[in-house]
Amino acid sequence: MSAASRRWALLALLCAAGAQAQEAGTHLVGDIGVGVSVAPVAVPAQSRNGSAVPYANFDYGPVFARIDTFGVKLAPVGYGSVELLTRVLEDGYRSSAPPQTQQRSSIPLGLGTLQVTPVGAFMANLYRDLGKSHGAMLDLMYAAEIEHGRFAFYPQLGLEYRSANYVRYYDGVARSASNSFAGLLVEAQLSGHWYLVANLRRTWLDDSIRSNPAVRRRSLDSGLVAVSYRFD
């Protein structure tokens with residue numbers, strides 16, 4: 001199953017689970033829409049054009065979706081909660097060099113938390129890849145919020161740690177990697193409940209990944225552009 005198909009399936013499952021688990025008065029708060037996503041990989045791969053994906057950034061009782069992260073809130077902690085979650089990554093690819101092997105996208109499952117504090121949002125998620133790599137994954141991020149009229153800006157800084165098993169499978173190097181990144185999510189109100197969303201990210205590759213002679217990039221640029229409807 002492709003990453004885009006997995007997003008659609010998870011969105012449908014979470015909405016169905018939320019509908020069954022919640023009291024009658026609970027309703028969805030946030031955005032649902034559709035967009036186009038582009039996510040290159042570090043090693044040479046066959047053409048990876050943009051793919052149509054659902055855009056989801058909402059809470060439905062304990063169920064939530066945050067663009068590429070889906071899960072359930074288990075218990076309140078601090079300014080947020082402990083969460084059971086998964087992330088839909090477009091890290092699978094088919095190599096452009098012989099023998100053109102197919103690397104399957106990861107299937108992360110883990111625990112994490114999102115703490116929305118007065119000085120910004122802090123996220124920490126730890127996963128185990130249930131897919132082919134069997135690697136460990138740790139995502140750390142800080143995001144601020146800046147509002148200006150019809151626009152909202154969310155600058156982001158973070159770190160992605162990938163264990164040696166994960167890096168070996170996807171990047172051809174038997175060493176762990178810590179990739180830093182900076183991103184910006186922009187929301188623009190079009191009319192009423194309709195919004196245009198752009199989420200852009202630059203990831204700087206760890207030296208361990210760049211030690212692979214086939215990797216000729218120092219960084220990767222990924223992005224998502226979507227139109228969404230906001231439920232209050």
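This is a predicted model: local features need pLDDT of at least 70, side-chain atom pairs count only at pLDDT 80 or more; totals for chains, interfaces and linings use all residues.
With a relative accessibility of 15%, S105 falls under the 20% cut-off, so it counts as buried. A polar atom of the S105 side chain lies 3.2 Å from the backbone nitrogen of G92.

L109 has 40% relative accessibility and so counts as partly exposed. L109 also belongs to a nonpolar surface patch, together with L74, L84, I107, L111 and L130.

Next up is strand β4 (residues 69-77), where T69 is found. T69 counts as buried because its relative accessibility is 7%. Leaving out residues up to four places away in sequence, T69 touches F64, L85, T86, R87 and Y127. The side chain of T69 also makes a polar contact of 3.1 Å with that of D68.

D68 has another partner too: its side chain meets that of R87 in a salt bridge (3.1 Å, N to O). This pair ties together distant parts of the chain, with R87 in strand β5 (residues 80-87) and D68 in the loop between β3 (63-66) and β4, 19 residues apart. Both R87 and D68 are buried.

In total, the model has 11 salt bridges. Another of them joins the side chains of D59 and K73, at 2.9 Å from N to O. Here, too, distant parts of the chain are linked: D59 belongs to strand β2 (residues 51-60) and K73 to strand β4, 14 residues apart. D59 counts as partly exposed at 31% relative accessibility, and K73 counts as partly exposed at 29%.

Then there is R210, whose salt bridge with D207 has its closest N and O atoms 3.2 Å apart. Both residues lie in helix α3 (residues 207-210), three residues apart, or about one turn of the helix. An α-helix has 3.6 residues a turn, so residues three or four places apart point the same way. R210 is partly exposed at 28% relative accessibility, while D207 is exposed at 53%. Salt bridges with shared partners also join D68, R87, D139, E160, R162 and R201 into one network.

Helix α2 (residues 164-171) has as its buried residues Y166, V167, Y169, Y170 and D171. They cover an arc of only 165° around the axis, so they sit on the same side of α2. After α2 comes G172, with a positive phi near 75°.

Note on methods:
Residues are numbered from 1 along each chain as its sequence is written. Side-chain values use heavy atoms; hydrogens and water are left out. Helices (H or I, at least four residues) and strands (E, at least two) are DSSP runs, numbered from the N terminus. Buried means under 20% relative accessible area, exposed over 50%, partly exposed in between (1.4 Å probe, protein chains only). A polar contact is a pair of N or O atoms within 3.5 Å; within protein, one must be able to donate a hydrogen and the other to accept it, and residues adjacent in sequence count only if both atoms are side-chain atoms. Contact means heavy atoms within 4.5 Å. The arc is that of the directions from the helix axis to the C-beta atoms. Patches are made of residues with over 30% relative accessible area and no salt bridge: like charges are joined within 9 Å, nonpolar side chains (Val, Leu, Ile, Met, Phe, Trp, Tyr) within 5 Å. Accessible areas come from the Shrake-Rupley method with a 1.4 Å probe; for residues, only the protein chains shown count as cover. A salt bridge is a side-chain nitrogen of Lys or Arg within 4 Å of a carboxyl oxygen of Asp or Glu.
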